[in-house]
Amino acid sequence: MEKTKELQKVEEQFETFQILDEKGKIVNKEAMPELSDEQLKEMMTRMVYTRIWDQRAISLNRQGRLGFYAPVAGQEASMIGSQFALDKKDWILPGYRDIPQIYYHGLPLHQAFLWSRGHFQGGQVPEGVRIMLPQIIIGAQITQTAGVAMGLKKDKEEQVAVTYTGDGGASQGDFYEGMNFAGAFNLPAVFIVQNNRFAISVPVEQQSAAKTIAQKAVAAGIHGQQVDGMDILAVYAATEEARNRGIEGNGPTMLELMTYRYGPHTMAGDDPTRYRTSEEDDEWEKKDPIVRFRKFLEGKKLWSEEEEEKIVEQAKEDIKAAIKEADGAPKQKVTDLIDITYSDQKPTNLDEQREQYEKKESK
Ligand SMILES: Cc1ncc(C[n+]2csc(CCOP(=O)(O)OP(=O)(O)O)c2C)c(N)n1
Ligand SMILES: [Mg+2]
């Protein structure tokens, strides 16, 4: 498609924001966020932990011990770096892949596993933990985020509502509606798009004629930025800035984080070799978020192999304990589902049906 000069001018403005390059070198010193050595190490710890968790979750899924799982390896910098810039009182509205962010926002690990298993206890978010459950309907969380941000503004809370979706989500109608509404009401919302290049098997180029997803913010009249999603420092800095913009009353932001998922779409039978080349996989693995951040930290003498080994061991132990705890949850009953779904006003005949199930379940 031939692009007009006007369109070219818009598209050229959306360059990828980067601080740490693939070799682990700082290439944008002025943009470097203020982070203590401890904070830098904590970010690395969380990325390493998340990768181990991903490997364990994949193998538990293969053993039939975990239900739904959408792999996250490759996307750690996007997930961890953005959540790290938030305050615990900010709201997170995640998609199905965004489990690390809600774990670090306060959802206990065993509950994350129970959610994967479709167990109702996985959905009983502890009081005070400001997350919504992962959204499966692509894009639905975007309009909900505008609503949550409206609530925060009305309550005069100096917090933001942050949502995550994918490139596929950015092709949905809800995406435009949510951003448009948030822009119109100048709401404290941050829309994060993890552009991992595919919506299941559909490449981003086939989803939109727009060169970037970030430029879609222009039509909504809000700030948009494209960020290297494999660079945790850039992701953190961009999210922090977006958060500040929101709480200072300067409106919503949309961030497009350029990333890649190494694994399949979910563990339910997707085969990425049917729609991606190994050359493309290799090219993205060279950008690995953990490798580059490790190099950076080692250069600052903040990281060692022994330290990383300890984190790996700790992650494995925590996961084992969390799975054990999840295994100890009571067997899910139909009566549980009825009880937690309805308070007192039930649809016609449901009391009757409940009684029948109770009899069955007590046998
Ligand atoms: C409204 C809707 N349409 C279709 C689906 C089926 N579906 C599940 S995941 C997915 C792809 C989403 O891709 P993207 O937003 O890029 O997120 P990613 O999985 O890459 O993280 C689709 C089409 C759905 N869940 N909801
Ligand atoms: Mg995608």
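Colleague: What conventions stand behind the values?

Modeller: This is a predicted model, in which local features need pLDDT of at least 70 and side-chain atom pairs count only at pLDDT 80 or more, while totals for chains, interfaces and linings use all residues. Residues are numbered from 1 along each chain as its sequence is written, chains are lettered from A and ligands numbered from 1 in the order in which they are written, and side-chain values use heavy atoms, with hydrogens and water left out.

Colleague: Why is Tyr-260 called buried?

Modeller: Buried means under 20% relative accessible area, exposed over 50% and partly exposed in between, with a 1.4 Å probe and protein chains only. Tyr-260 has a relative accessibility of 0% and therefore counts as buried; Trp-284, with a relative accessible area of 9%, is buried too.

Colleague: What makes Tyr-260 and Trp-284 a stacked pair?

Modeller: Rings of Phe, Tyr and Trp (for Trp, its six-membered ring) pair if their centres lie within 6.5 Å, and planes under 30 degrees apart count as stacked, over 60 as edge-to-face and the rest as tilted. For Tyr-260 and Trp-284 the centres are 5.2 Å apart and the planes 5° apart, and the pair is stacked. Tyr-260 sits in the loop between strand S8 (253-258) and helix H11 (278-285), and Trp-284 in helix H11, 24 residues apart; helices (H or I, at least four residues) and strands (E, at least two) are DSSP runs, numbered from the N terminus.

Colleague: Why is the pair of Phe-84 and Tyr-236 called tilted or otherwise?

Modeller: The ring centres of Phe-84 and Tyr-236 are 6.1 Å apart and the planes stand at 55°, so the pair is tilted. Phe-84 belongs to helix H3 (residues 76-84) and Tyr-236 to helix H10 (residues 232-247), so that this pair links parts of the chain 152 residues apart. Both Phe-84 and Tyr-236 are buried. The whole structure holds 12 aromatic pairs, and ring pairs also join Tyr-49, Trp-53, Tyr-103, Tyr-104 and Phe-113 into a cluster.

Colleague: How do you know that Lys-287 lies over the face of Trp-284?

Modeller: A charge sits over a ring if NZ of Lys or CZ of Arg is within 6 Å of the ring centre and within 35 degrees of the ring normal. Lys-287 is placed over the face of Trp-284, at 5.0 Å from the ring centre.

Colleague: What makes a set of residues a nonpolar core, and which members of the largest one touch the most others?

Modeller: A nonpolar core is a set of buried Ala, Val, Leu, Ile, Met, Phe, Trp, Tyr and Cys residues joined through side-chain atoms within 4.5 Å. The largest core has 69 residues, among which Phe-113, Leu-233 and Phe-293 touch the most other members. Its largest share, 11 residues, is supplied by helix H2 (residues 37-62). A second, separate core of 22 residues includes Ile-142, Leu-152, Ala-161 and Phe-191.

Colleague: Why is helix H5 described as largely enclosed?

Modeller: In helix H5 (residues 109-116), 8 of the 8 residues are buried, so the helix is largely enclosed by the rest of the structure. The buried residues of H5 pack against H2, helix H4 (99-104) and helix H13 (305-327), and H5 is followed by Gly-118, whose phi is positive, near 75°.

Colleague: How do you know which atoms are donors of the magnesium ion (ligand 2)?

Modeller: Donors are N, O and S atoms within 2.8 Å of the metal (3.2 Å for Na, K and Ca), and because water is not among the atoms, sites may look incomplete. The protein donors, Asp-167 (OD), Asn-196 (OD1) and Phe-198 (O), lie 2.1 to 2.2 Å from the magnesium ion, and their spacing in sequence is D-x28-N-x1-F. Asp-167 and Phe-198 are both buried.

Terms used:
Contact means heavy atoms within 4.5 Å.
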